[in-house]
Amino acid sequence: MSKIPVMEIFGPTIQGEGMVIGQKTMFVRTAGCDYSCSWCDSAFTWDGSGKDSIRQMDAEEIWQELQLLGGDGFSFVTISGGNPALLKNLSYLIDLLKENGIQIGLETQGSKWQDWFLDIDELTISPKPPSSGMDTNFDTLDEIIEKLQESSTTNCSVKVVIFDEQDFDYAKKVHHTYPDIPFFLQVGNDDYKSEDDQQLVPYLLGKYEWLVNKVIADQELRNVKVLPQLHTLVWGNKRGV
Ligand SMILES: C[S@@+](CC[C@H](N)C(=O)[O-])C[C@H]1O[C@@H](n2cnc3c(N)ncnc32)[C@H](O)[C@@H]1O
Ligand SMILES: Nc1nc2[nH]cc(C(=O)O)c2c(=O)[nH]1
Ligand code: SF4
Ligand SMILES: [Mg+2]
């Protein structure tokens with residue numbers, strides 16, 4: 001009834017992306033997505049390849065597993081996916097985590113609203129640029145951002161992943177549309193299947209330098225932050241970190 005499709009639970013690790021980068025955190029990754037981004041580094045959550053790992057869990061079971069893995073050594077849980085915003089039932093987990101004094105981060109693309117967004121401490125909305133092959137519904141995104149802006153409890157940010165010039169232009173458009181929302185540009189990893197960290201890390205750092213230089217040179221992008229995926233620099237494309 002109140003089950004949640006869970007793809008993986010892991011941690012403690014550090015949040016490698018976005019507004020709380022560096023934060024020690026546990027992760028809960030839900031299964032299923034309404035998008036199918038061409039470069040999705042978590043495609044196993046929606047393309048069928050991970051279907052045998054999906055567990056239908058209730059909030060209490062997830063909380064127990066988090067404690068089993070993390071003991072007393074965490075105070076922050078990040079929920080990602082897939083698209084966790086497909087799951088109305090996540091409210092039970094969010095309530096339980098809050099009852100236990102846990103702070104909550106969540107990652108979603110901004111294609112669906114859930115009322116429990118207002119109970120998230122650090123919410124990342126990550127609209128998808130052209131290279132993903134997805135189309136942003138800006139009416140939906142406008143509504144979501146508007147509701148979040150009215151909230152005094154949820155810190156939210158917008159994070160756009162950049163692979164090429166077109167994505168960069170898209171990111172500028174998104175930032176201009178929501179100038180008051182903290183804005184992050186993130187390096188796209190188009191080598192997300194590589195197991196060769198010796199080659200991957202300098203490659204991704206090169207991409208980061210490219211993105212940094214573009215932002216430095218841009219007169220219109222002022223109050224923005226540019227980040228790599230920190231976890232890929234530490235652990236490469238390893239899963240569950
Ligand atoms: C796997 S998604 C899950 C949450 C949600 N579906 C979303 O896209 O925001 C988490 C974050 O990883 C980013 N991401 C996915 N594949 C990536 C890649 N190859 N390189 C860089 N970031 C990627 C997404 O843009 C998103 O910000
Ligand atoms: N360490 C770490 N940080 C992350 N930030 C966002 C992630 C995600 O896949 O949603 C992620 C992830 O998978 N691992
Ligand atoms: S929206 Fe997120 S999980 Fe879904 S396909 Fe795109 S990057 Fe992957
Ligand atoms: Mg990831």
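Reader: In which strand is T30 found?
Author: This is a predicted model, in which local features need pLDDT of at least 70, side-chain atom pairs count only at pLDDT 80 or more, and totals for chains, interfaces and linings use all residues. Residues are numbered from 1 along each chain as its sequence is written, chains are lettered from A and ligands numbered from 1 in the order in which they are written, and side-chain values use heavy atoms, with hydrogens and water left out. Helices (H or I, at least four residues) and strands (E, at least two) are DSSP runs, numbered from the N terminus. On that numbering, T30 is found in strand β2.

Reader: Is T30 buried or exposed?
Author: Buried means under 20% relative accessible area, exposed over 50%, and partly exposed in between (1.4 Å probe, protein chains only). T30 touches I4, P5, V6 and M7, among others, not counting residues up to four places away in sequence; contact means heavy atoms within 4.5 Å. Because its relative accessibility is 0%, T30 counts as buried.

Reader: Where does UniProt place the feature "binding site"?
Author: UniProt positions are given in the numbering used here, feature names are shortened, and annotations may be inferred rather than shown by experiment. The entry is unreviewed, and it places the feature at C33, C37 and C40.

Reader: Why does C33 count as partly exposed?
Author: C33 is found in the loop between β2 (24-30) and β3 (55-57). It touches W46, G82, N83, L86 and Q109, leaving out residues up to four places away in sequence. C33 counts as partly exposed because its relative accessible area is 24%.

Reader: Is C40 buried or exposed?
Author: C40 has its place in the loop between β2 and β3. Apart from neighbours within four places in sequence, C40 is in contact with W46 and Y192. Its relative accessible area is 17%, so C40 is buried.

Reader: What is the volume of the largest pocket?
Author: On a 1 Å grid over the protein atoms alone, a pocket is an open set of points where a 1.4 Å probe fits, with protein on both sides within 12 Å along at least five of seven lines; lining residues have an atom within 4 Å of a point. Grid points are joined across faces, edges and corners, and a volume is the space filled by probe spheres set on the points. For the largest pocket this gives about 940 Å³.

Reader: Which residues lining the largest pocket are the closest to its centre?
Author: The largest pocket is lined by 47 residues. β1 (4-14) gives the most to this lining, with three residues. The closest to the centre are E17, R29, D41, S42 and Q229.

Reader: How many residues does helix α4 have?
Author: Helix α4 covers residues 165-177 and reaches 19 Å from its first C-alpha to its last. That is close to the 18 Å expected at 1.5 Å a residue, where the expected span is 1.5 Å times one less than the number of residues. The number of residues in α4 is 13.

Reader: Against which elements do the buried residues of α4 pack?
Author: The buried residues of α4 are D167, F168, Y170, A171, K172, V174 and H175. They pack against α3 (138-150), β7 (155-162), β8 (183-187), α5 (197-217) and β9 (224-227).
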